[in-house]
Amino acid sequence: MSLYWYGGHSGFIFLVLVLVGVYYALSGQGYRFDFGWFLTETSPYMWANLGVGLTISLSVVGAAWGIFTTGSSIIGGGVKAPRIRTKNLISIIFCEAVAIYGIIMAIVMLQIIEPFEADSATTQVRRANYMAGYSLFGAGLTVGMCNLFCGFCVGIVGSGAALADAQNPNLFVKVLIVEIFASVIGLFGVIVGIIQTSKITMGNKAK
C-alpha cells in the first residue's frame, strides 16, 4: 500500500513539473530553467547563511546520533559489567566533539559575512560577494556532512567498544584506537572548510 502511495505522489509531482515546464516554454520564459539564472538571482547571503546553518545542524545531528548509539550500549553493557560505565564516557566525549567542530566552524564563517550595497556595487564587488556566498555554502555543507558521518562512525565504534569492554577488558584500548581515527574524520572536514573560506571576503570592499 505504501509503495502505491509513494508512487502516486511521485507521479503527481512529476506531472506538475512537466506542466510548469510546458507553460514556461510556451510563454517565452524558458530562461527560468537556467541554473545560472537561479544562482545570480538569489542573494549571496542566503547561500552564506544556509552554509552556517548546515554546519551547525548536521554536526549536532551527527553528535546526537553518536551519543544515542554509544550511550544505549554503555547503559546496556553496564548491566552486566558496571565497571564500563565510567571508562566508556570517553566515547561520549568524542561524539560531543563533533558538535563542537560544527560550532567553531560556524563562528569562523559568521565572521566573514558582511553587508554590501548591491545596487551601487561594482561588478568586481558583486562577483566577490557571490563567490563568498557560494564558498560559505560549500564549506558549510562539507563540514556538516563530514561531522554527520563522523558522528555515525564514532557512535557505532563507541558502541562496539563498550560491548567489547564488557566482554573482555583487554579489548577496550584496541577499539579505542579505532575510535580515535574515526573522530578525526570531522577534523578533516573542518580543515577542508577552512581552506574553502580562507581567501574569500564579503562587503563593499570585497575583491
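A word on the ground rules: residues are numbered from 1 along each chain as its sequence is written, and side-chain values use heavy atoms, leaving out hydrogens and water. Because the model is predicted, local features need pLDDT of at least 70 and side-chain atom pairs count only at pLDDT 80 or more, while totals for chains, interfaces and linings use all residues.

**Overall fold**

The protein chain holds seven helices and zero strands (DSSP runs numbered from the N terminus, with at least four residues of H or I for a helix and at least two of E for a strand). Its radius of gyration, taken over C-alpha atoms, is 23 Å, well over the 17 Å that the globule rule gives for 207 residues, so the chain is more spread out than a compact globule. That rule is 2.2 Å times the number of residues to the power 0.38. Along the principal axes, the C-alpha trace spans about 70 × 55 × 20 Å. Of the 207 residues, 38% are buried (under 20% relative accessible area with a 1.4 Å probe, protein chains only; exposed is over 50%, and partly exposed lies in between). Among contacts (heavy atoms within 4.5 Å) with a separation of 6 or more, 83% join residues 24 or more positions apart.

The expected span is 1.5 Å times one less than the number of residues.

| Helix | Residues | End-to-end C-alpha distance | Expected span |
|---|---|---|---|
| H7 | 25 residues | 37 Å | 36 Å |

Buried residues of H5 include Phe94, Cys95, Gly102 and Met109, and their cover includes H3, H6 and H7. In H7 (residues 172–196), the buried residues include Phe172, Leu176, Glu179 and Gly186; helix H4 (84–87), H5 (89–110) and H6 are among what covers them. Ile195 also sits in H7, but counts as exposed at 59% relative accessibility. From Ile195 to Ile103 there are 92 residues in sequence and 17 Å in space, C-alpha to C-alpha.

**How H3 meets H6**

Helix H3 (residues 44–80) packs against helix H6 (residues 123–167) at an angle of about 0°, with the axes 7 Å apart. The pair is therefore roughly parallel (angles under 35 degrees; over 145 is roughly antiparallel, 65 to 115 roughly perpendicular and the rest oblique). Axes are lines fitted to C-alpha atoms over the stretch in contact, with angles from 0 to 180 degrees between N-to-C directions. The contact comprises 23 nonpolar residues, 19 polar and one charged.

Conventions:
Nonpolar A, V, L, I, M, F, W, Y, C, P; charged D, E, K, R; others polar.
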